[in-house]
Structures are given as C-alpha cells and as structure tokens.
Amino acid sequence: MWVCLNDAGMRVWGDVFPDGKVPVCSLDFQEANLEGAGGSEPVILVNWAALSSMQRDAVLAKISERSGAPKEAILKDILKVGLPLRERYTTGVVAAELRFFI
C-alpha cells in the first residue's frame, strides 16, 4: 500500500520519495496531535520497514534538521510510535497493487 504525495508533499518530501509514492501501514488516516501543529490533524503511518536505508537516513536527517533533535532520538520515537505523514501532503487516497484484487 502507498499514498501519493501532492504538490506540497513533493516540495517537502520529493527528494526522499522522487516517484511521489510513500509506503504506508494502513488504508485510513487517523487524527493525531503532532508537536508544533497546534492541535490534531489527519495523518497516516509510513511503513518504515519498507523504506530503503537511504530513505530512512534522509528522513532522519530532514526531521533532525527541522526540529533540532538528534537523529537517535527521532529514530527511537519512530520505532516506538511510527512515522506519521500529514494528510495535507498527500492526495488523500491510499492505493494498493492491483494484483491483490485479481
């Protein structure tokens, strides 16, 4: 399963996901309180295990640069609660490979 990034998502995450597809863990978005978001917003969890090591490193570096937190602390949080992706950066539609429906 994956979700496609929209134009805003490509500006933020396009260097990590150049094809615009982000692997996700579920078919639906959930409300979550994100630090600095000023309230809850819809997110979907990224399938961390499906990312390449280069993508994982890039995600950690990007979040560390923006938040000022060390990569190790960010990784610990990701492994504990998952990596949320804001719905506003996506098309809002989760897709799966057609072979699962044939």
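**Helix pair H2 and H3**

I started with helix H2 (residues 53-67) and helix H3 (residues 71-81), whose axes come within 9 Å and cross at roughly 115°. For axes I used lines fitted to C-alpha atoms, for helices over the stretch in contact, with angles running from 0 to 180 degrees between N-to-C directions. H2 and H3 are therefore roughly perpendicular to each other (the term covers 65 to 115 degrees).

This is a predicted model, in which local features need pLDDT of at least 70 and side-chain atom pairs count only at pLDDT 80 or more, while totals for chains, interfaces and linings use all residues. Residues are numbered from 1 along each chain as its sequence is written, and side-chain values use heavy atoms, with hydrogens and water left out.

Next I looked up who meets whom: Leu60, Ala61, Ile63, Ser64 and Ser67 in H2 touch Lys71, Ile74, Leu75 and Ile78 in H3 (contact means heavy atoms within 4.5 Å). By class, I find six nonpolar, two polar and one charged residues in the contact of H2 with H3 (Ala, Val, Leu, Ile, Met, Phe, Trp, Tyr, Cys and Pro count as nonpolar, Asp, Glu, Lys and Arg as charged, and the others, Gly among them, as polar).

**Ser26**

I then moved to Ser26, in the loop between strand S2 (21-23) and strand S3 (30-33). Leaving aside neighbours within four places in sequence, Ser26 is in contact with Met1, Ile44 and Val94.

**Whole chain**

Last, I noted three helices and six strands (DSSP runs: H or I of at least four residues, E of at least two, numbered from the N terminus). Along the sequence I read β-α-β-β-β-α-α-β-β.

Note on methods
Angles under 35 degrees count as roughly parallel, over 145 as roughly antiparallel, 65 to 115 as roughly perpendicular and the rest as oblique.
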